[in-house]
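Subject: Structure for you to look at

Hello,

Please find the structure below, with notes on what was found in it. The notes follow directly after it.

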Amino acid sequence: MSIISDSLKRIKPSPTIAVTQKARELRAAGKDVIGLGAGEPDFDTPDNIKNAAIKAIKSGDTKYTAVDGTPTLKKAIVDKFKKENKLNYSTDQITVGTGGKQVLYNAFMATLNKGDEVIIPAPFWVSYPDMVLLAGGKPKIVKCTEQEGFKITAKKLKKAITKKTKWVIINSPSNPTGAGYLKKEIEDLAKVLIKNKKVHILSDDIYEHIKYDNFNFFTIAQISKLRDRTLTMNGVSKSYAMTGWRIGYAAGPKDIIKAIGKIQSQSTSNPSSISQAAAVEALNGNQVFIKKRSKAFKERRDFVVRSLNNIKGINCLKPNGAFYVFPSCKDFLNKKTKLKTDTDFVQKLLEKSNVAVVQGSAFGLDGYFRISYATSMKNLKKAMGRIKSFCESLNK
Ligand code: PLP
């Protein structure tokens, strides 16, 4: 009999691993592979944040803290919501975890019973379905097309809701497409959700600050009738280039926040005391670099989208946030190219042209691939040249 638990058997290994592993092997073999797979900013954590961490270490801020976050960090988070999202929370409506990932995992563990459904619009961030499965829930995947801007419509949401629906996830701007929901689009979804009083909303706002073209970020908790049913997750990983520090947080109903803390108290306890001190500085300190970095990301986005759309057979929407694009490779999947799936396409691209990207099917939508442009312009120029030559060779 296997030592491995049944719950672990419910989940699959990360589908992105095949490409990442192959890229690693090729690099080890001395090949000049350009990785466009990373989900993290290539920028460094700003100095004021690093200095706050050094100060915390030197002043002995090195002990256990309150399980779900220090009072100082919770206060900084309350202030952030007030200032940036016009949302008023008290500190007992805030929880802090080891990355947004832990907060989401705890939220599902704390709320899902066997068979409870979670509506996940696809393309989705790879971890949502498996987290739901681990917690005993049932992911209900709703495919959103390129024509819909890869965003769930009110009509599709309404159709997907059943008596068993416990959560719907909204991720804006999105990983993997970069699509941000406009205020009107959120309001349309809200109309459906206001009528379905048992459904809770999990809003993943981790890319809030990485946005372009005057996109006005709007989060569903701003709809007052849904406030009591919304858990808003955010964190410092992407906005402040702090992926390694592992600080994420959420705001929402007190009972859910308390339950998340209970799980954390019996699993990891508090997130790192030093990272929490750094996160206080991130949230309270100077925010000027966020705009500067968004400007750099925008230049890259414009370059990547333009370059991709200049390639015959590729179509790429121009997203208004995050640092990903999600172009179509459907035109290359045919008998002539001998490529059947997007996985074949990305594997061939890696083997022939040394560019690592991730297949769309890993994110729940076939026929696409994800490019992360969180890398230097030099790398992007080289990569776009290689993708163009690769596609031209397929077109021949
Ligand atoms: N949500 C989305 C959509 C993400 O892309 C990520 C990270 O890639 C996370 C949540 C989790 O971020 P972290 O755990 O680094 O805070």
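The domain bounds used here come from an automatic or database domain assignment. With those bounds, the protein divides into domain 1 (6-44 + 289-395) and domain 2 (62-284). The C-alpha centres of domain 1 and domain 2 lie 26 Å apart.

Two remarks on the source. This is a predicted model, in which local features need pLDDT of at least 70 and side-chain atom pairs count only at pLDDT 80 or more, while totals for chains, interfaces and linings use all residues. Residues are numbered from 1 along each chain as its sequence is written, and side-chain values use heavy atoms, with hydrogens and water left out.

Between the domains

Contact here means heavy atoms within 4.5 Å. By that criterion, 36 residues of domain 1 are in contact with 35 residues of domain 2. The two domains bury about 3,000 Å² between them, 59% of it on carbon and sulfur atoms; buried area is the accessible area (1.4 Å probe) that two parts lose on being put together, summed over both.

A salt bridge is a side-chain nitrogen of Lys or Arg within 4 Å of a carboxyl oxygen of Asp or Glu. Between domain 1 and domain 2 the count is 1 salt bridge. R301 forms a salt bridge with D213, with the closest N and O atoms 2.8 Å apart.

On the side of domain 1 that touches domain 2, the elements giving two or more residues are α1 (6-9), α11 (288-309) and β9 (324-325). Helices (H or I, at least four residues) and strands (E, at least two) are DSSP runs, numbered from the N terminus. The largest share of that side, 7 residues, comes from α11.

Across the whole structure

The structure holds 17 aromatic pairs, meaning rings of Phe, Tyr and Trp (its six-membered ring) with centres within 6.5 Å; planes under 30 degrees apart count as stacked, over 60 as edge-to-face and the rest as tilted. F43 and F297 form an edge-to-face pair, 5.2 Å centre to centre with 65° between the planes. Because F43 lies in the loop between β1 (34-35) and α3 (47-58) and F297 in helix α11, the pair ties together parts that are 254 residues apart in sequence.

A search of the whole structure finds 21 salt bridges. The side chains of K382 and D32 meet in a salt bridge at 3.7 Å, N to O. K382 lies in helix α13 (residues 377-395) and D32 in the loop between α2 (17-28) and β1, so this pair ties together parts that are 350 residues apart in sequence.

Regards
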